[in-house]
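Here are my notes on the model you sent.

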Amino acid sequence: MPASPTDRPTACLALADGTLFYGQGFGAAGDTVAELCFNTAMTGYQEIMTDPSYAGQVVTFTFPHVGNVGVNPEDDETAAPVAAGMVVKWDPTDPSNWRAAEPLTNWLAKQGRIGIGGIDTRRLTRAIRQQGAPHVALAHDPEGKFDIEKLVAKARGFCGLEGLDLAREVTCAQSYRWDEMRWAWPEGYTRREGPGHRVVAIDYGAKRNILRCLASAGCEVTVLPATATAEDVLALDPEGVFLSNGPGDPAATGEYAVPMIQSVLERDIPIFGICLGHQMLALALGAKTVKMNHGHHGANHPVKDLETGKVEITSMNHGFTVDSQTLPQGVKETHVSLFDGSNCGIRMADRPVFSVQYHPEASPGPQDSYYLFERFAAAMAQRA
């Protein structure tokens, strides 16, 4: 329920322009600085908070019922929350779901993440849409004591995401194998058995469900860190290479990722990219990326497949986009956002190399986009 007007604020959200929002804090105490975005999804707050693509961001949830199903280890997209904090309209309630392992508030406190409730999220969302994603400082003090000048100064001092390579911070420390498949009733998560297509997945901040989808599509997955070289990749004799999602400025990550991808492209190996992986592939092919005003974050984004006319309902999380006007000859635009016409997919005209900006593994359709994993597997099968 919304906080009582008589409750003393225990959290403060300070924007770099000096705008202040007071509310009730939950989760960890302390303060953090980040870029502020909004997410329009009606479900999946735990998956959003643990999505590595949200590194360096505080997430405003436009749907008011956050925390009502609690949290559980099966829904984590990575080992711990990556988003810096969360902003919600109503304070989280006690969970009411048979899968809940603990309340959202307890989980955030243990993980060192700050939440603020009782905020007019509609007003905040309008501000983000009109003015762009602002830099903010989010503070939680159970006693309600805030140094406002210091918080605003911290927000103004935040360097922003442009030019920032965050993939290094969220990638795995060493390579590992992955064989867990998608969740299915009643077994839950099961393991893939037997031989499969040898896939090297580059971890720029990979979500676990992407790796599960690859395994379910018949792939034998080996995950390598973001900084893996072409020699590291090719030493595993892959039948396909997957480029994962991730946070930060693609141009910054591309300084070391692009040369690796370009070397792999010379070997005529099927390549599939998602989100930051899509942007990495585009950069490797000669295109450019640009920072968006407020990005795309949500599970209700319509995307049109230009080659079939099909419209998919997709999940998105990105603040940068590929500039379709810079795509070189031989690279086709395959998908576009029906919200703003921005690029959402590309492919090479003569080779099985393709990528999408959205997240097919998030299943908002729910099965609208799973064909992309099957397309990747089919491309490897044709070359076997």
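1. Start with a term. A residue is called buried when its relative accessible area is under 20%, exposed when that area is over 50%, and partly exposed in between. Bear in mind throughout that this is a predicted model.

2. Helix 9 comes first. The helix spans residues 276-285 and is mostly covered, with 10 of its 10 residues buried. They are L276, G277, H278, Q279, M280, L281, A282, L283, A284 and L285.

3. Next, helix 10. Residues 371-382 make up this helix, 12 residues in number. From first C-alpha to last, helix 10 reaches 16 Å. That is close to the 16 Å expected at 1.5 Å a residue. Its buried residues are Y371, L372, F373, F376, A377, A379 and M380. A reminder on geometry: an α-helix has 3.6 residues a turn, so residues three or four places apart point the same way.

4. Now the surface, positive charge first. K89, R122, R123 and R126 gather there in a positively charged patch. One of them, R122, sits in helix 3, which covers residues 121-131. Is R122 buried or exposed? R122 counts as exposed because its relative accessibility is 64%, and the cut-off for that word is over 50%.

5. W98, W183 and W185 form it on the surface. Together these tryptophans have about 480 Å² of accessible area. W98 belongs to the loop between strand 5 (85-87) and helix 2 (104-111). At 67% relative accessibility, W98 is classed as exposed.

6. On to the charge pairs. Side chains of opposite charge can pair when their charged atoms come close. How many salt bridges are there? The count comes to 16.

7. E74 and R99. Their closest N and O atoms are 3.2 Å apart, in a salt bridge. The pair links distant parts of the chain, 25 residues apart. E74 is in the loop between strand 4 (57-61) and strand 5, while R99 is in the loop between strand 5 and helix 2. Both residues are partly exposed: E74 has 34% relative accessibility, and R99 has 25%. There is also a network of salt bridges here, linking E74, D75 and R99.

8. R191 and D179. This salt bridge brings the closest N and O atoms to 2.8 Å apart. Both R191 and D179 lie in the loop between strand 8 (176-178) and strand 9 (197-203), so the pair ties together parts that are 12 residues apart in sequence. R191 is exposed, at 51% relative accessible area. D179 is partly exposed, at 30%.

9. D268 and R351. Their side chains meet in a salt bridge, 3.2 Å from N to O. Here too the pair links distant parts of the chain, 83 residues apart. Look for D268 in the loop between helix 8 (250-265) and strand 12 (271-274). R351 is in the loop between strand 16 (343-348) and strand 17 (353-356). D268 is partly exposed, with a relative accessible area of 34%. R351 is also partly exposed, at 23% relative accessibility.

Conventions:
Residues are numbered from 1 along each chain as its sequence is written. This is a predicted model: local features need pLDDT of at least 70, side-chain atom pairs count only at pLDDT 80 or more; totals for chains, interfaces and linings use all residues. Side-chain values use heavy atoms; hydrogens and water are left out. Patches are made of residues with over 30% relative accessible area and no salt bridge: like charges are joined within 9 Å, nonpolar side chains (Val, Leu, Ile, Met, Phe, Trp, Tyr) within 5 Å. Accessible areas come from the Shrake-Rupley method with a 1.4 Å probe; for residues, only the protein chains shown count as cover. A salt bridge is a side-chain nitrogen of Lys or Arg within 4 Å of a carboxyl oxygen of Asp or Glu. Lys and Arg count as positive and Asp and Glu as negative; His and the chain ends are not counted. The place of a charge is taken as NZ of Lys, CZ of Arg, CG of Asp or CD of Glu. Helices (H or I, at least four residues) and strands (E, at least two) are DSSP runs, numbered from the N terminus. Buried means under 20% relative accessible area, exposed over 50%, partly exposed in between (1.4 Å probe, protein chains only). The expected span of a helix is 1.5 Å times one less than its number of residues.
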